[in-house]
Amino acid sequence: MTVSNHESISAQPTIAHRCVLVAGVVLPFLGCVAAIVLMWCVGWMGWLYLGLFLGGWLVTGLGVTIGLHRLMTHRSFETPRWVRVFWSALGAAAGQGPPLWWCATHRKHHE
(Lines give C-alpha, C1' and ligand atoms only; values in the text may rest on other atoms or scores of the structure.)
Protein backbone atom coordinates (compact mmCIF):
# COMPACT_ATOMS: atom_id res chain seq x y z
CA MET A 1 0.00 0.00 0.00
CA THR A 2 1.43 3.36 -0.96
CA VAL A 3 0.39 6.60 0.65
CA SER A 4 0.78 9.90 -1.13
CA ASN A 5 1.97 13.03 0.64
CA HIS A 6 -1.59 14.35 0.85
CA GLU A 7 -3.10 11.30 2.52
CA SER A 8 -2.70 10.46 6.18
CA ILE A 9 -2.85 7.19 8.00
CA SER A 10 -5.30 7.42 10.87
CA ALA A 11 -4.90 3.91 12.27
CA GLN A 12 -4.10 3.68 15.96
CA PRO A 13 -0.58 2.46 16.79
CA THR A 14 -0.38 -1.16 17.87
CA ILE A 15 0.61 -2.24 21.38
CA ALA A 16 4.02 -3.32 20.06
CA HIS A 17 4.55 0.09 18.44
CA ARG A 18 3.62 1.87 21.68
CA CYS A 19 5.96 -0.37 23.67
CA VAL A 20 8.84 0.48 21.32
CA LEU A 21 8.05 4.20 21.59
CA VAL A 22 7.90 4.08 25.40
CA ALA A 23 11.13 2.07 25.54
CA GLY A 24 12.81 4.59 23.22
CA VAL A 25 11.94 7.40 25.62
CA VAL A 26 12.31 5.69 29.01
CA LEU A 27 15.37 3.47 28.51
CA PRO A 28 17.82 6.24 27.50
CA PHE A 29 16.66 8.31 30.49
CA LEU A 30 17.15 5.38 32.88
CA GLY A 31 20.54 4.68 31.31
CA CYS A 32 21.59 8.28 31.87
CA VAL A 33 20.48 8.15 35.52
CA ALA A 34 22.33 4.84 36.00
CA ALA A 35 25.48 6.28 34.41
CA ILE A 36 25.36 9.30 36.72
CA VAL A 37 24.92 7.10 39.80
CA LEU A 38 27.72 4.74 38.79
CA MET A 39 30.10 7.58 37.93
CA TRP A 40 29.27 9.27 41.24
CA CYS A 41 30.16 6.07 43.13
CA VAL A 42 33.50 5.78 41.32
CA GLY A 43 34.30 9.46 41.84
CA TRP A 44 34.09 10.58 38.22
CA MET A 45 30.96 12.70 38.83
CA GLY A 46 30.47 15.59 41.20
CA TRP A 47 28.15 18.51 41.79
CA LEU A 48 29.93 20.66 39.18
CA TYR A 49 29.49 18.05 36.44
CA LEU A 50 25.91 17.39 37.44
CA GLY A 51 25.19 21.14 37.31
CA LEU A 52 26.84 21.45 33.89
CA PHE A 53 24.82 18.48 32.61
CA LEU A 54 21.50 19.85 33.90
CA GLY A 55 22.31 23.38 32.70
CA GLY A 56 23.19 22.09 29.22
CA TRP A 57 20.01 20.02 29.15
CA LEU A 58 17.96 23.09 30.14
CA VAL A 59 19.43 25.55 27.62
CA THR A 60 19.37 23.13 24.68
CA GLY A 61 15.79 22.16 25.57
CA LEU A 62 14.86 25.84 25.54
CA GLY A 63 16.69 26.19 22.23
CA VAL A 64 14.44 23.52 20.73
CA THR A 65 11.17 24.75 22.25
CA ILE A 66 11.72 28.50 21.92
CA GLY A 67 14.17 28.73 19.02
CA LEU A 68 13.38 25.93 16.62
CA HIS A 69 9.74 25.33 17.44
CA ARG A 70 8.11 28.65 18.32
CA LEU A 71 10.46 31.19 16.74
CA MET A 72 11.56 29.52 13.51
CA THR A 73 8.87 26.94 12.70
CA HIS A 74 5.69 28.73 13.76
CA ARG A 75 7.04 32.31 13.68
CA SER A 76 5.11 33.05 16.87
CA PHE A 77 7.06 36.24 17.55
CA GLU A 78 9.58 38.61 15.95
CA THR A 79 13.08 39.19 17.27
CA PRO A 80 16.30 40.84 16.13
CA ARG A 81 18.54 38.63 14.00
CA TRP A 82 21.07 37.99 16.79
CA VAL A 83 18.31 36.57 19.03
CA ARG A 84 17.20 34.18 16.24
CA VAL A 85 20.81 33.08 15.76
CA PHE A 86 21.26 32.59 19.52
CA TRP A 87 18.15 30.41 19.95
CA SER A 88 18.85 28.51 16.72
CA ALA A 89 22.39 27.72 17.87
CA LEU A 90 21.08 26.39 21.20
CA GLY A 91 18.49 24.33 19.34
CA ALA A 92 21.14 22.92 17.02
CA ALA A 93 23.26 22.03 20.07
CA ALA A 94 20.46 19.68 21.18
CA GLY A 95 21.54 17.25 18.47
CA GLN A 96 18.20 17.07 16.67
CA GLY A 97 19.56 18.12 13.31
CA PRO A 98 20.22 21.42 11.53
CA PRO A 99 17.64 24.17 12.25
CA LEU A 100 16.35 24.42 8.65
CA TRP A 101 15.85 20.65 8.42
CA TRP A 102 14.17 20.60 11.85
CA CYS A 103 11.75 23.36 10.84
CA ALA A 104 10.92 21.78 7.50
CA THR A 105 10.27 18.41 9.11
CA HIS A 106 8.12 19.94 11.83
CA ARG A 107 6.06 21.97 9.35
CA LYS A 108 5.47 18.79 7.34
CA HIS A 109 4.38 17.10 10.57
CA HIS A 110 1.68 19.75 11.03
CA GLU A 111 0.26 19.31 7.51
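In the predicted model described here, V64, L68, H69, M72 and T73 of helix α2 meet P99, L100, W102, C103, H106, R107 and H110 of helix α4, where contact means heavy atoms within 4.5 Å and helices are DSSP runs (H or I, at least four residues) numbered from the N terminus. Residues are numbered from 1 along each chain as its sequence is written, and side-chain values use heavy atoms, with hydrogens and water left out. Because the model is predicted, local features need pLDDT of at least 70 and side-chain atom pairs count only at pLDDT 80 or more, whereas totals for chains, interfaces and linings use all residues.

Within α4 (residues 99-110) lies H106, which is buried at a relative accessible area of 16%; buried means under 20%, exposed over 50% and partly exposed in between, for a 1.4 Å probe and protein chains only. Leaving aside neighbours within four places in sequence, H106 is in contact with H69, T73 and H74. The side chains of H106 and H110 are joined by a polar contact of 3.0 Å, that is, a pair of N or O atoms within 3.5 Å of which, within protein, one must be able to donate a hydrogen and the other to accept it, residues adjacent in sequence counting only if both atoms are side-chain atoms.

Helix α1 (residues 15-42) packs against α2 (residues 47-73) at an angle of about 160 degrees, with 11 Å between the axes, so that α1 is roughly antiparallel to α2. Here C32, I36 and W40 of α1 meet W47, L50 and F53 of α2.

Two aromatic pairs were counted, under a rule by which rings of Phe, Tyr and Trp (its six-membered ring) pair if their centres lie within 6.5 Å, planes under 30 degrees apart being stacked, over 60 edge-to-face and the rest tilted. The rings of W40 and W47 have centres 4.9 Å apart and planes at 80 degrees, and the pair is therefore edge-to-face; W40 is partly exposed at 32%, whereas W47 is exposed at 68%. F86 and W87 also form an edge-to-face pair, at 5.2 Å and 70 degrees, in which F86 is partly exposed at 42% and W87 is buried at 18%.

Conventions
Helix = DSSP H or I, 4+ residues; strand = E, 2+ residues; numbered from the N terminus. Axes fitted to C-alpha atoms, helices over the stretch in contact; angles between N-to-C directions. Parallel < 35°, antiparallel > 145°, perpendicular 65-115°, else oblique.
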